[in-house]
Amino acid sequence: MFGSKTVEIFKEIETPFYYYDLALLRQTLDKYTAELKKYKYHAHYALKANANSRILSIVKSYGFGADCVSGNEVKLALDSGFDPSMTVYAGVGKSDKEIKIALEGNIFSFNCESIPEIQIIDQIAGSMGKKASISLRINPDIDAHTHKYITTGRSQDKFGISHWMFDDVIHALNSCKNIHFAGLHFHVGSQITDYNVFKMLALRVNEIVARFEEKEMRVENINLGGGLGVDYKNPDENPISDFETYFSIINKNLRQEPYQQVHFEPGRAIVCQCGTLISRVLYVKVGRGKKFAILDAGMNDLIRPALYQAVHKIENLTSNGRKMRYDVVGPICESSDRFVKNLLLPETKRGDIMAIRSAGAYGQVMAMRYNQKDIAPEYYSE
Ligand code: LLP
C-alpha cells in the first residue's frame with residue numbers, strides 16, 4: 001500500500017502520527033456520491049468519525065450535509081462551512097446550552113430521542129422566538145449483529161423511541177407550539193457487514209412510517225443513519241465499501257412517496273480506509289513463550305482494539321525478515337493496551353516503522369491524553 005518513497009518520508013518523521021491518503025478519500029467520495037445521486041438521496045457526514053479540518057473540507061466539497069452529536073460538533077460543522085439546512089443533530093443527552101447553539105444555527109433537524117427532550121427543545125425554542133425542526137429517532141428493535149458497544153437499535157439500548165411510546169410521543173408533539181415535525185430517524189449500529197440488516201431496517205421503516213402517517217403525522221424525511229462497515233482485514237483488496245449493493249438494497253426495500261426525502265449519515269465508510277496510524281517499534285521484549293513488539297503508539301492514539309476488541313491490519317514497513325509471531329502492544333500502563341496477539345510479522349526490531357491500517361474512522365478523534373501522552377499529529381498524502 002505504501003510506496004518506498006512514502007516509507008522513506010515516514011522514517012524522517014517523529015512517530016506516532018496519523019497519515020491520510022486524500023486520493024483514496026476522494027475516490028471513496030466519488031463512488032458514494034455517484035450512488036447517492038442515482039436515487040436522489042441525501043447524505044450528512046457523521047463528524048464523530050473524523051473531524052479533521054482538511055477531511056471536513058474535502059467531504060463538504062462533495063455536497064454533504066453534517067450529522068452531529070454535540071453542540072461543539074454543530075459549531076464545528078457550521079464554522080467549517082457545512083450548510084445549516086443540511087445539518088442534523090442527534091444524541092440522547094442534549095444539554096440546554098447545546099440545544100441553544102443548534103437553534104441559533106438554524107439547523108435542519110434535531111433527531112430527538114425522548115419525550116422530555118422534545119418538551120425542553122419546545123420550551124427553549126419558544127423562549128428564543130424560534131421554531132425547532134425535529135425528527136424522531138426511532139428504536140426499531142433490530143439487532144445489527146455487530147459489537148455490543150456499537151449496536152444501537154435493539155429495544156434494550158438507550159437510543160431512540162420504542163414503538164410502545166408512539167402514541168404518547170405523537171400526543172406530546174401535538175401539544176408543542178414551537179416544534180415542526182420533519183420526519184423519522186433511525187441508526188441501528190456501526191460496522192454492519194451483514195446487508196440483510198439494512199433490508200430488515202428498510203422493511204421495518206416502511207411499517208413505522210405507515211403507523212405515523214395513519215395518525216396524521218406526515219413523514220417528509222426518512223433518515224436511515226449510517227453504519228455501513230468496511231473491510232478491516234483486507235484494506236488493500238477492498239479499500240472502498242460496496243455502496244452499490246448497499247443503496248440498491250435500500251432502494252429495493254424502502255417505500256418512498258414523492259413527497260419524501262431519504263437521508264443517510266455515513267461516517268466510517270467514508271473515512272476509515274484513508275487513514276493509517278504510523279508508529280515506531282521501541283523495543284522487542286521476550287516474554288514467556290512469546291515476543292512483544294512494543295510500539296510508541298498505544299490505546300491513547302487508537303482505542304478501538306482495547307474498547308471493542310477490534311483487529312486492525314498491522315504491517316512492518318521496514319523489514320523483510322523471516323516471519324515470527326508477536327503480540328503488538330503499546331506503551332500505556334494498562335494490559336488492554338494491546339493491538340493484536342500472535343501476529344505473524346517479518347522479524348521486527350527497534351526502529352522499524354509499523355502501519356496500523358484502517359484508522360481514519362474513530363481513530364485520532366477518539367485519542368486521549370491518558371498517561372499525559374501527546375495527541376498524535378496528522379499528515380496528508382498531499
Ligand atoms: N448516525 C448516528 C446517529 C450515529 O450514532 C453514528 C455512529 C453514525 C451516524 C455513523 O455511523 P458509521 O457510518 O460511522 O457506522 N467508535 C465506534 C463507532 C461508534 C459509532 C457511533 N455512532 C468504533 O470505533 O467502532
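**View 1. Helices H7 and H8 cross in the right-handed sense.** A crossing is called right-handed if the near helix is turned clockwise from the far one by less than a right angle, and left-handed if anticlockwise. The model is predicted, so local features require pLDDT of at least 70 and side-chain atom pairs pLDDT 80 or more, whereas totals for chains, interfaces and linings use all residues. Residues are numbered from 1 along each chain as its sequence is written, and side-chain values use heavy atoms, with hydrogens and water left out. Helices (H or I, at least four residues) and strands (E, at least two) are DSSP runs numbered from the N terminus. H7 comprises residues 166–174 and packs against H8 at an angle of about 45°, the axes lying 11 Å apart. Axes are lines fitted to C-alpha atoms, for helices over the stretch in contact, and angles run from 0 to 180 degrees between N-to-C directions. The two helices, H7 and H8, are therefore oblique to each other; angles under 35 degrees count as roughly parallel, over 145 as roughly antiparallel, 65 to 115 as roughly perpendicular and the rest as oblique. From H7, Phe166, Val169 and Ile170 meet Ile208, Arg211 and Phe212 of H8, contact meaning heavy atoms within 4.5 Å. These residues of the contact of H7 with H8 divide into 5 nonpolar, no polar and 1 charged, where Ala, Val, Leu, Ile, Met, Phe, Trp, Tyr, Cys and Pro count as nonpolar, Asp, Glu, Lys and Arg as charged, and the others, Gly among them, as polar.

**View 2. Helix H8 also packs against helix H9 (residues 243–253).** The angle between H8 and H9 is about 30° and their axes are 9 Å apart, which makes H8 roughly parallel to H9. The crossing of H8 and H9 is right-handed. On the H8 side the contact involves Tyr195, Phe198, Lys199, Ala202, Leu203 and Asn206, and on the H9 side Thr245, Tyr246, Ile249, Ile250 and Asn253. The residues of this contact comprise 7 nonpolar, 3 polar and 1 charged.

**View 3. A barrel is closed by 8 strands with parallel pairing.** The order of the strands is E2-E3-E4-E5-E6-E7-E8-E9. Neighbouring strands of this sheet are turned by 30° against each other on average, direction ignored. Two strands pair if DSSP finds at least two bridges between them. E7 (residues 179–185) and E8 (residues 221–223) pair in the parallel sense over 3 bridges, and Leu184 has Ile222 in E8 as its bridge partner. E8 and E9 likewise pair in the parallel sense over 3 bridges, with Asn221 opposite Gln261 in E9. E2 (residues 42–46) and E9 (residues 261–264) run parallel and are joined by 2 bridges; here Ala43 has Phe264 in E9 as its bridge partner. Helix H8 (residues 195–214) lies across E6 (132–137), E7 and E8, running at about 155° to E7.

View 4. A cis peptide bond, with omega of about -5°, joins Thr15 and Pro16. Asn106 is not a glycine, yet has a positive phi of about 50°.

**View 5. The protein is divided into domain 1 (4–17 + 273–380) and domain 2 (22–269).** Domain bounds come from an automatic or database domain assignment. The contact takes 18 residues from domain 1 and 23 residues from domain 2. Taken over C-alpha atoms, the centres of domain 1 and domain 2 are separated by 33 Å.
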